[in-house]
Amino acid sequence: METFGARLRTALDTRGPLCAGIDPHASLLAQWGLDDDVAGLEQFSYTVVEALADRVAVLKPQSAFFERFGSRGIAVLERVVADARSAGAVVIMDAKRGDIGSTVAAYADAYLDPASPLFSDALTASPYLGFGSLEPLYALAEKNGAGVFVLGLTSNPEGAQVQSAVGASGRSVAEEMVMAAAERNAGASPMGPIGVVVGGTVATPDFDLGRLNGPYLVPGIGAQGATAADVRRIFGAGARNVVPSSSREILREGPSVAGLRNAAARTVEELAGMLD
Ligand SMILES: O=C(O)c1cc(=O)[nH]c(=O)n1[C@@H]1O[C@H](COP(=O)(O)O)[C@@H](O)[C@H]1O
């Protein structure tokens, strides 16, 4: 079985360093001339998959925008995940799940068990009930060649209140998360399955990001103001295993398939130039 780390590495090497988010905001549906209903959601999401799934390394559907429409929205999400994966994209389900371990086991079944209709290559998760509370996600991801991205330093300004708090160890909460993930990834090649989210908008961390041996998901490129230069500022020029992510800035270029493709290609070019 190919590991998540191997699959992601190949996707980044062959398609370039970009994750495109699929965030069907009501305002974007309106901008695309679509109604804010399930038919609009379908049209929007399938167009993004058609435009990008065969060329962008990673697609990241934001579950909330599908949950908004109840079970019919989830049905659209299921098809988005399946179609994107069969076109060769690595799919990160952005649902930021987190709970006590016994409940997290059910989230693991929902997203990281190949028998589930929502099975994805990876899932975003919140470790703020404790890194260890997500253990069932790590275990099932490892078993099934999938991955987990835990929140480290999120792109929103409120995140620092929790994530930059310094504990008894003298380390910030975010550093503890990176260390805990690094421990799980130790020895894996080309990288382990436990990734960390570090927004492109954050102040340069004062701890070593280089020890993770896993992927970093870097949202905030474009609409939230982060640039390719920020990715370089935070991770350094030679950084590998960095997955910069942009949603609205690319999605605004729809509904034209060519517009979406051009926006993604432009973004990849900028990012690849900065990471070389
Ligand atoms: O996990 C994420 O992707 C994420 C983490 C984070 O720290 N900040 C963040 O904006 N995101 C997600 O990235 C998407 C926003 O992308 P933009 O539309 O490019 O700003 C949303 O789906 C957010 O939930």
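Helices here are DSSP runs of at least four residues and strands are runs of at least two, both numbered from the N terminus. With that in hand, strand E8 (242-246) and helix H11 (248-251) each supply at least two residues of the shell around the ligand. Keep in mind that this is a predicted model.

**Around the ligand**

- The shell holds 20 residues, and Gln62, Thr154, Ser155, Ser247 and Arg248 come nearest to the ligand.
- Sorted by class, the shell has 12 polar residues, 5 charged ones and 3 nonpolar ones.

**Lysine 96**

- The UniProt annotation "active site", from an unreviewed entry, covers Lys96.
- You'll find lysine 96 in strand E3, which spans residues 90-97.
- Leaving aside residues up to four places away in sequence, lysine 96 touches Thr124, Ala125, Ser126 and Leu151.

**Helices H3 and H5**

- Helix H3 (residues 38-52) and helix H5 (residues 70-86) have axes that come within 10 Å and cross at roughly 10°.
- Angles under 35 degrees count as roughly parallel, so H3 and H5 are roughly parallel to each other.
- On the H3 side, the contact is made by Val38, Leu41, Glu42, Ser45 and Val49, while H5 brings Arg72, Gly73, Val76, Val80, Asp83 and Ala84.
- By class, that contact of H3 with H5 has 6 nonpolar, 3 charged and 2 polar residues.

**Valine 76, a residue of H5**

- Valine 76 sits in helix H5 and counts as buried because it has 22 C-beta neighbours inside 10 Å.
- Its contacts, not counting residues up to four places away in sequence, are Val38, Leu41, Glu42, Ser45 and Phe66.
- Alanine 229 is 153 residues apart from valine 76 along the chain, and their C-alpha atoms are separated by 35 Å.

**Helix H7**

- In helix H7 (residues 135-144), the buried residues include Leu137, Tyr138, Leu140 and Ala141.
- Among the helices, the buried residues of H7 pack against H1 (4-15), H6 (101-112) and H9 (173-185).
- Those buried residues of H7 also pack against strands E4 (122-125), E5 (147-153) and E6 (194-198).

Conventions: Residues numbered from 1 in each chain as written. Predicted model: local features only at pLDDT ≥ 70, side-chain atom pairs only at ≥ 80, totals over all residues. Axes fitted to C-alpha atoms, helices over the stretch in contact; angles between N-to-C directions. Parallel < 35°, antiparallel > 145°, perpendicular 65-115°, else oblique. Contact = placed C-beta atoms within 7 Å. Nonpolar A, V, L, I, M, F, W, Y, C, P; charged D, E, K, R; others polar. Near = placed C-beta within 6 Å. UniProt positions renumbered as here; feature names shortened; annotations may be inferred. Buried ≥ 20, exposed ≤ 12 C-beta atoms within 10 Å, placed from the backbone.
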